[in-house]
Amino acid sequence: MKISIVGGGIAGCSTAYYLTQAGHDVTLFERDSLASHASGFALGGLIPSIGGPPDDPYGVLSRYSIELHRELAEQLTGHAGGRRGDGGGGNLDFLRKPSLMLVKDRAEEESMRRVYGQYAEDHTLDIRWLNFGEFSHIEARISSTVLGALYVSEAYEVDPYKLTLALWQAAEQQGARLVNRVVTAIAVSRDRVSGVVTKDGTTGADAVVVAAGPWSSEMLAGLGVSAPVTPLKGQIIRLDAPGPPPKVSLWWDHDYATAKADGLLWVGTTEEEVGFDDSTTDAARDRIISSAVEMLPYLEDAELVQQTACLRPVTPDGAPIIDAEAGPDGLVIVTGAGRQGIMLGPSMGIAAAALATGAEPPVDVSAFSLARFS
Ligand SMILES: Cc1cc2nc3c(=O)[nH]c(=O)nc-3n(C[C@H](O)[C@H](O)[C@H](O)COP(=O)(O)OP(=O)(O)OC[C@H]3O[C@@H](n4cnc5c(N)ncnc54)[C@H](O)[C@@H]3O)c2cc1C
């Protein structure tokens, strides 16, 4: 089949990868550079969804996606490009890195202990509750105001830019084409999509996958499809921190700190509803630093090296939209993964690829239809 994809972030590139693997004729339209928005600037934390019932569709999707990440780390090695002039590198910086979810008050402690209790019995995930003092051998520099932490052993990290680019490079080797153009409309003929429109005219397609991140709703509005996907700005600062890098990733409230392959400590984040403004701000920098210093006082002496901002595509319930039922036949929507778009990217891509070709997705995505919002 001939399939067009709008958007060269992780959702679009993973869809292209799985479609070309199955032998389809894929053209991906990206108006900027590949991975030049959230998919190139995210933290890249891959933390399984914990605390829900075992059959919770989001939990199932997230566990399946982490399995795909593991597979991709093997399949794509050798396809990854370098990061902005670092001279290349043949891997995705995919690694297992346990997480410590730090707890500051009794209410949070109670809820984390409940989560721990859930896994203490069935051992499906290696999750442990550690009192202050029990995690000092893991990271001794955490503030003594922290009451305890949930230790999540099966957590991972990846370089989201390298992963997105590697997915695309593999898709390209399998025959996909990149068109560096703004898609202005999706063409429809007799209630079925017939292609995408750019300033060069219409490129015909049997199916069109909208993977345009927070810009997806604008694209879909042209088809009379209302998709509640909005931008949520997030900022990250990169610090040159003294001493050895923490061996685990550290999470508290909506914030985090983790040492990345560039040798810097990446610290975030913000959740800002400011439309499509993706500029960095001093206010966000100061808030992120003060939150981090409260949890890790040694960061008082760290040096700010870089600050980035980008827009997460979010939906009202925080779960993605993976749908082929809304709008004209042949339209597939794959977006809205919010703060977990890198983690969910591979499962969203494999499911969207199946939906675009009329096949059954390998994971049940019926809970992620657009219709749930109507
Ligand atoms: C600070 C921050 C930290 C994050 N950390 C994590 C994390 O640790 N773990 C995790 O799992 N997730 C994380 N995320 C979330 C993740 O980055 C996003 O959910 C994910 O990258 C979204 O990918 P996407 O492909 O849907 O959208 P995008 O990456 O936004 O890609 C959409 C693409 O579509 C293109 N486009 C839009 N309209 C058009 C058009 N009309 N024509 C052509 N092209 C078009 C855009 O140019 C863009 O390149 C983080 C996000 C932020 C902001």
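In this predicted model, the axes of helix H1 (10-21) and helix H8 (341-356) approach within 7 Å and cross at roughly 45 degrees. That angle makes H1 oblique to H8, and the crossing is right-handed. On the H1 side, the contact is formed by Ile 10, Ala 11, Ser 14, Thr 15, Tyr 17, Tyr 18 and Leu 19. Their partners in H8 are Gly 341, Ile 342, Gly 345, Pro 346, Met 348, Gly 349, Ile 350, Ala 352, Ala 353 and Ala 356. Sorted by class, this contact holds 12 nonpolar and 5 polar residues, with no charged residue.

H1 also packs against helix H5 (residues 160-173), at an angle of about 30 degrees and with the axes 8 Å apart. Here the crossing is left-handed. H1 contributes Ile 10, Cys 13, Ser 14, Ala 16, Tyr 17 and Thr 20, while H5 contributes Pro 160, Leu 163, Thr 164, Leu 167, Trp 168, Ala 170 and Ala 171. The residues of this contact comprise 10 nonpolar, 3 polar and no charged.

H8 has a further packing partner in helix H3 (residues 57-75), with the two axes 7 Å apart at an angle of about 90 degrees. H3 and H8 are therefore roughly perpendicular to each other. Leu 61, Ser 62, Tyr 64, Ser 65, Ile 66, Leu 68, His 69 and Leu 72 of H3 face Met 343, Leu 344, Pro 346, Ser 347 and Ile 350 of H8 in this contact. Its composition is 9 nonpolar, 4 polar and no charged residues.

| Helix pair | Axis separation | Angle |
|---|---|---|
| H1 and H8 | within 7 Å | roughly 45 degrees |
| H1 and H5 | 8 Å | about 30 degrees |
| H3 and H8 | 7 Å | about 90 degrees |

Turning to the ligand, 41 residues surround it, and the closest are Gly 7, Gly 9, Gly 213, Gly 234 and Gly 341. H1 and H8 are among the elements that give two or more residues to this shell, together with helix H2 (38-41), strand S14 (230-240) and strand S18 (303-314). The shell consists of 19 nonpolar, 17 polar and 5 charged residues.

The domain assignment divides the chain into domain 1 (2-78 + 159-228 + 317-373), domain 2 (98-154) and domain 3 (230-314). Because domain 1 and domain 3 both supply residues to the shell around the ligand, the ligand lies between them. As for domain 1 and domain 2, their C-alpha centres are 34 Å apart. Contact between these two domains involves 4 residues of domain 1 and 7 residues of domain 2. The side of domain 1 that touches domain 2 has 3 nonpolar residues, 1 polar residue and no charged residue.

The peptide bond from Gly 268 to Thr 269 is cis, with omega near 10 degrees. Thr 269 belongs to the loop between strand S17 (265-268) and helix H7 (282-295). Arg 190, although not a glycine, has a positive phi of about 50 degrees. Arg 190 is found in the loop that lies between strand S10 (185-189) and strand S11 (192-198).

Terms used. Residues numbered from 1 in each chain as written. Predicted model: local features only at pLDDT ≥ 70, side-chain atom pairs only at ≥ 80, totals over all residues. Near = placed C-beta within 6 Å. Helix = DSSP H or I, 4+ residues; strand = E, 2+ residues; numbered from the N terminus. Nonpolar A, V, L, I, M, F, W, Y, C, P; charged D, E, K, R; others polar. Domains from an automatic or database assignment. Axes fitted to C-alpha atoms, helices over the stretch in contact; angles between N-to-C directions. Left-handed = near helix turned anticlockwise from the far one by under 90°. Parallel < 35°, antiparallel > 145°, perpendicular 65-115°, else oblique.
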